[in-house]
Amino acid sequence: MGGGNGLLGTMVGLGMVQPLGNAMGNMMSNIVPNVQQAVNPEKDDPIKLLEKLGELKSAGVLTEDEFSEKKKELLSRI
């Protein structure tokens with residue numbers, strides 16, 4: 001390699017790579033959940049999910065057991 005020349009070499013020499021990587025990781029972990037919520041805000045809403053679950057049961061997609069199991073899980077979130 002280049003023997004540590006340039007900006008990256010300076011950063012490595014000063015021990016800045018790890019803190020910079022950590023800071024970038026923290027920034028991304030804060031941004032990603034916000035983006036996911038903006039894309040589908042109803043995704044985690046238990047009430048909306050219960051409504052969809054009922055529709056799936058009515059359509060015959062879910063059995064009574066499947067419906068009951070998932071309903072119990074969703075109700076525990078409220």
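**Entry 1: two helices side by side**

I began with helix α3 and helix α4 (residues 64–75), which pack at an angle of about 175 degrees with their axes 10 Å apart. For the terms: axes are lines fitted to C-alpha atoms, for helices over the stretch in contact, and angles run from 0 to 180 degrees between N-to-C directions. I read α3 and α4 as roughly antiparallel to each other, a label for angles over 145 degrees. From α3, the contact is made by Pro46, Leu49, Leu50, Leu53, Gly54 and Lys57. From α4, Glu64, Phe67, Lys70, Lys71, Leu74 and Leu75 take part. Contact here means heavy atoms within 4.5 Å.

A note on what I am looking at: this is a predicted model, where local features need pLDDT of at least 70 and side-chain atom pairs count only at pLDDT 80 or more, while totals for chains, interfaces and linings use all residues. Residues are numbered from 1 along each chain as its sequence is written, and side-chain values use heavy atoms, with hydrogens and water left out.

**Entry 2: the whole chain**

How many helices and strands does the protein chain have? I found 4 helices and 0 strands, in the pattern α-α-α-α along the sequence. Both kinds of element are DSSP runs numbered from the N terminus (helices: H or I, at least four residues; strands: E, at least two).

Next I looked up burial. Of the 78 residues in the protein chain, 8% count as buried. Buried means under 20% relative accessible area, exposed means over 50%, and partly exposed lies in between (1.4 Å probe, protein chains only). The chain's accessible surface comes to about 6400 Å², and carbon and sulfur atoms hold 60% of that surface. These areas come from the Shrake-Rupley method with a 1.4 Å probe; for residues, only the protein chains shown count as cover.

**Entry 3: salt bridges**

I searched the whole structure and got 3 salt bridges. The rule is a side-chain nitrogen of Lys or Arg within 4 Å of a carboxyl oxygen of Asp or Glu.

Glu64 and Lys57 pair through their side chains at 3.2 Å, N to O. Glu64 is partly exposed at 45% relative accessibility, and Lys57 is partly exposed at 31%.

Lys70 and Glu73 meet in a salt bridge at 3.1 Å, N to O. They are 3 residues apart in helix α4, so about one helical turn separates them. Lys70 is partly exposed at 33%, as is Glu73 at 39%.

Which residue does Glu73 also bridge to, with the closest N and O atoms 3.7 Å apart? That partner is Arg77, partly exposed at 41% relative accessibility. Shared partners join Lys70, Glu73 and Arg77 into one network of salt bridges.

Leu56 is partly exposed, with a relative accessible area of 38%. Leaving aside neighbours within four places in sequence, I see Leu56 in contact with Val61 and Leu62. Leu56 and Phe67 are 11 residues apart in sequence and 8.5 Å apart in space, C-alpha to C-alpha.

Ile47 also lies in helix α3 (residues 46–58) and is partly exposed at 44%. With Leu75 and Ile78, Ile47 makes a nonpolar surface patch of about 290 Å². Patches are made of residues with over 30% relative accessible area and no salt bridge; like charges are joined within 9 Å, nonpolar side chains (Val, Leu, Ile, Met, Phe, Trp, Tyr) within 5 Å.

Conventions: Parallel < 35°, antiparallel > 145°, perpendicular 65-115°, else oblique.
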